[in-house]
Amino acid sequence: MSLNSVRQEWWEVLSPPADLSDRCGQLVSHQRSQGDLTTEELKGLVLSIAQAPDLWKPLVVTDPARRRYRLLYEDDRIDIWVLSWMPGQATGFHDHDRSRVALMSVQGTVLEKQMLLPSGAASVEMTPGTVRTGGAGYIHSVQHLEGLPAVSVHAYSPPLKLVGQFVVDEQGILERKIEHGRRELMDNSIRL
Ligand SMILES: [Fe+2]
């Protein structure tokens with residue numbers, strides 16, 4: 001099946017071409033940490049990947065119907081994903097549970113928001129080259145802004161097993177719903 005077809009087969013999402021995964025694994029092996037990677041190491045990794053478009057471009061998928069993601073690399077310390085964003089596609093507010101994160105725009109622009117309490121949000125327009133990092137418990141939302149598709153690279157350590165999706169019900173009560181780390185996030189009931 002073509003990588004650019006609209007159908008999303010789960011095995012394909014999780015099956016990066018071996019040469020890409022091997023090369024990415026070499027970048028990971030250069031990090032000094034023996035256990036979980038630091039946010040600075042994650043940042044260095046996404047910067048290195050961004051500088052090698054032949055690593056991430058083959059995993060770009062253009063799909064107006066839903067946000068698409070492809071695994072680039074995983075081991076017991078880290079997983080790295082390539083996300084493709086089309087107009088209207090957004091995650092809603094969420095955290096990454098125990099995982100630290102670094103994300104970088106490599107094509108087009110995505111908008112990252114963080115909640116500002118008691119109301120509002122801080123926004124960062126992530127043009128190509130913009131990197132954001134967060135420790136465990138970091139809360140944000142990401143949405144498409146420009147590019148067909150916009151593309152971002154995300155690295156998580158420890159690997160993203162769980163996410164917390166923040167949802168507001170009809171009474172305005174906030175709830176954190178625990179989701180599998182590989183489930184597509186799309187609840188936008190919090191509008192800031
Ligand atoms: Fe996230």
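Which residues have the most contacts inside the largest nonpolar core? In this predicted model, that core comprises 34 residues, and those with the most contacts inside it are Val-46, Trp-56, Leu-72 and Val-153. Helices and strands both contribute: two or more residues each come from helix H2 (18-29), helix H3 (39-50) and helix H4 (53-56), as well as from strands E1 (68-74), E2 (79-85), E4 and E7.

When neighbours within four places in sequence are set aside, Trp-56 is in contact with Ile-49, Leu-72, Val-82, Val-106, Val-151 and Val-153. Two of these partners, Leu-72 and Val-153, are themselves among the core residues with the most contacts.

Pro-158 is placed in the loop between strand E7 (139-157) and strand E8 (162-168).

A further backbone feature concerns Asp-97. Although Asp-97 is not a glycine, its phi is positive, near 55°. This residue is found in the loop between strand E3 (94-95) and E4. Asp-97 counts as partly exposed because it has 17 C-beta neighbours inside 10 Å, whereas a buried residue would require 20 or more and an exposed one 12 or fewer.

Technical notes
Residues numbered from 1 in each chain as written. Predicted model: local features only at pLDDT ≥ 70, side-chain atom pairs only at ≥ 80, totals over all residues. Helix = DSSP H or I, 4+ residues; strand = E, 2+ residues; numbered from the N terminus. Core = buried A, V, L, I, M, F, W, Y, C linked by C-beta atoms within 7 Å. Contact = placed C-beta atoms within 7 Å.
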